[in-house]
Amino acid sequence: MEHGDGEAVIIGGMVLDIHATPSMLANPGTTTPGKVYYVQGGVARNVAECMSKLGAKPYMISALGFDMAGNLLLNQWKSAGLSIEGILKDKDIETPVVCNIFDVNGEVAAGVASVEAFEKYLTPDWIFRFKNTLLSAPVLMVDANLSHPSLEAACKMAIDMECPVWFEPVSVTKSRRISSIVEYVTFASPNEDELIAMANALSGSDEFHPLKESQKKNISVLSLFQMLKPAIWVLLEKGIKVVLVTFGSNGVFLCNKGWPRQFKMPAEKTNQCGFRGQLFKTVMQKCPPSRYSGFSELDRSSHLFAVHFPSLPASVVRLTGAGDCLVGGTLTSICAGLDIMQSVSVGIAVAKAVVEVEANVPSTFSLSAITDDAKSVYSGAKVLFPQSML
């Protein structure tokens, strides 16, 4: 299967997630009744599958073994009608597996990750084989499961092809890998803890600290942003164009220098086939770009521009996968030709649908539900900075 025009390229992890959820408060030293599920996972894989459920055909570059976990993941990918050409398959690879134990509220209480295969087998040589897929790609997303050399190779390849790079930090520890590729990155999507780790790695210090739970209680969104602003500014000063900070039930901060509406894909790099075309048309009607057209005079590099997007109320089953699908929804929308503000609104709507199911990615998405929720997010978005625009 060839890589189509206007389709994103995704490089990173395909993982079998094992989810263990107790049905009562767990006691150490003994087993607890509950449910255990096998779930297809991995940040890059989740993002790509989410995009495929929204009508896209992302090109996946990853690595799997011929073991039980690898066969399960590969068969699911084939059944979704997605290309497996970029997925390295080798008998010596131990397919990455992550086991998460959840508490009764659906939060991860503990976990073990066996994911060494990414760094060993997703090499620059393997990645370079697929350089031509970037010729027509609107964006390359890399997740931080890649080694430093592979991250650098992928990003340089994208820059050579004039393809913007989206960096997904994966975890606090791996998010620090931004330091070797920051000059190539257009978009980054950390949560609060990953943001702090990235800012410390890029500034060569430990001056930034995660907010304590007591600091987050009864705090306004603007105060929260002001506390995180110095760390966000480090990422922007180092060259990242758009920083999307996810903050769980507190929503999302979209930050950049200047006015973000410039971050819209050229028409020739977009794809509006099928579901994506319907998504584009419906979102353009429900979330008209004219709402924010008055800020165009801010399109100067010296300005910090920040927008807060609210989260949506949801009947939470599981919180894993929400951040990945927020990115998947946002990327799908960008690749369909929506601007960054509309795209983030769709991403949050998609994330809401995800937390209400057991899997990391729902089996289907409802166009009307996604676009109605996107409208709620878009209309509730507030410009936080510069404050003169409040």
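**Salt bridges and their surroundings**

Arg 45 and Glu 49 both belong to helix 1 (residues 43–53), where they lie four residues apart, about one turn of the helix; helices (H or I, at least four residues) and strands (E, at least two) are DSSP runs, numbered from the N terminus. This is a predicted model, in which local features need pLDDT of at least 70 and side-chain atom pairs count only at pLDDT 80 or more, while totals for chains, interfaces and linings use all residues. Residues are numbered from 1 along each chain as its sequence is written, and side-chain values use heavy atoms, with hydrogens and water left out.

- The side chains of Arg 45 and Glu 49 meet in a salt bridge at 2.6 Å, N to O, where a salt bridge is a side-chain nitrogen of Lys or Arg within 4 Å of a carboxyl oxygen of Asp or Glu.
- Both Arg 45 and Glu 49 are buried, and this word means under 20% relative accessible area, whereas exposed means over 50% and partly exposed lies in between (1.4 Å probe, protein chains only).
- Lys 91 forms a salt bridge with Asp 92, and their closest N and O atoms are 3.5 Å apart.
- Lys 91 counts as exposed because its relative accessibility is 68%, while Asp 92, with a relative accessible area of 49%, is partly exposed.
- Another salt bridge joins the side chains of Lys 352 and Asp 373 at 3.4 Å, N to O.
- That pair links distant parts of the chain, since Lys 352 lies in helix 12 (residues 340–355) and Asp 373 in helix 13 (residues 367–380), 21 residues apart.
- Lys 352 is partly exposed, with a relative accessible area of 22%, but Asp 373 is buried, with a relative accessible area of 16%.
- Salt bridges with shared partners join Arg 45, Glu 49 and Lys 53 into one network, and by the rule given above the count of salt bridges comes to ten.

- Helix 5 (residues 148–160) has 13 residues, which at 1.5 Å a residue should span 18 Å, and its end C-alpha atoms are 18 Å apart, which agrees; the expected span is 1.5 Å times one less than the number of residues.
- The buried residues of helix 5 include Leu 151, Cys 155 and Met 157, and what covers its buried residues includes strand 1 (9–11), helix 4 (124–128), strand 8 (140–143) and strand 9 (165–168).
- Strand 8 is covered on both faces, with Leu 140 and Val 142 buried on one side and Met 141 and Asp 143 buried on the other.
- In a regular strand the side chains alternate between the two faces of the sheet.
- Strand 8 pairs in the parallel sense with strand 1 over three bridges and with strand 9 over four bridges, where two strands pair if DSSP finds at least two bridges between them.
- Ile 10 stands opposite Met 141 in strand 8, and Asp 143 stands opposite Glu 168 in strand 9.

**The chain as a whole**

- The chain contains 13 helices and 14 strands, and buried residues make up 56% of its 390 residues.
- Of the contacts (heavy atoms within 4.5 Å) between residues at least 6 apart in sequence, 75% join residues at least 24 apart.
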